[in-house]
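Q: I have not seen this protein before. Could you take me through it?
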Amino acid sequence: MSELHWRTADVTLNDKLIPNPNAAHDLIQRIPTARVAVEGAFLHIDPQNGEPAYPGQTEWETFIVPASSVKKISYRTHLEEPQVNFIH
């Protein structure tokens, strides 16, 4: 497996496929603020965005779904502040 390049994004799947980090018996379709990485035709999803769901949690699952299961991924990009050089 190659090095994954993770990004924070909102993910919407075609169906409820991922267990809710706060209630594992409940499956969710929309994962706001998840950590995601693309590898070939698959999307790796960390629904907890690298953060514990409760105090003391030391490990959690990352899920892999086929890209065909993804309805939408959205993330924010920030524009670099333009470099301004003042001539004195």
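Predicted model: local features only at pLDDT ≥ 70, side-chain atom pairs only at ≥ 80, totals over all residues.

Q: How many helices and strands does the protein chain have?
A: The protein chain has seven strands and zero helices. Read from the N terminus, the order of its elements is β-β-β-β-β-β-β.

Q: And which strands are joined to S1?
A: Strand S1, residues 7–13, is joined to strand S4, residues 30–39, by five bridges, and the two run antiparallel. S1 is also joined to strand S7, residues 70–74, through four bridges, again in an antiparallel arrangement.

Q: Which residue in S4 does Val11 stand opposite?
A: Val11 stands opposite Ile31. On the S7 side, Asp10 has Ser74 as its bridge partner.

Q: What about burial: what share of the residues count as buried?
A: Of the 88 residues in the protein chain, 26% count as buried. The accessible surface comes to about 6,900 Å², and carbon and sulfur atoms account for 51% of that area.

Q: Changing topic, how much space lies in the largest pocket?
A: The largest pocket holds about 190 Å³ of space.

Q: Which residues line it, and of what class are they?
A: The lining includes Pro19, Pro21, Pro47, Tyr54, Trp60 and Phe63, as well as Asn20, Gln48, Glu59 and Glu61. By class, seven lining residues are nonpolar, three are polar and two are charged.

Q: Lastly, what share of the contacts between residues at least 6 apart in sequence join residues at least 24 apart?
A: In the protein chain, that share is 48%.

Methods. Residues numbered from 1 in each chain as written. Heavy atoms only, no water. 1 Å grid on protein atoms, 1.4 Å probe; cavity = no way out; pocket = protein on both sides within 12 Å on 5 of 7 lines; lining within 4 Å. Points joined across faces, edges and corners; volume = space filled by probe spheres on them. Nonpolar A, V, L, I, M, F, W, Y, C, P; charged D, E, K, R; others polar. Buried < 20%, exposed > 50% of the residue type's maximum accessible area, 1.4 Å probe, protein only. Contact = heavy atoms within 4.5 Å. Areas by Shrake-Rupley, 256 points an atom, 1.4 Å probe, with all protein chains shown as cover. Pairing = 2+ DSSP bridges.
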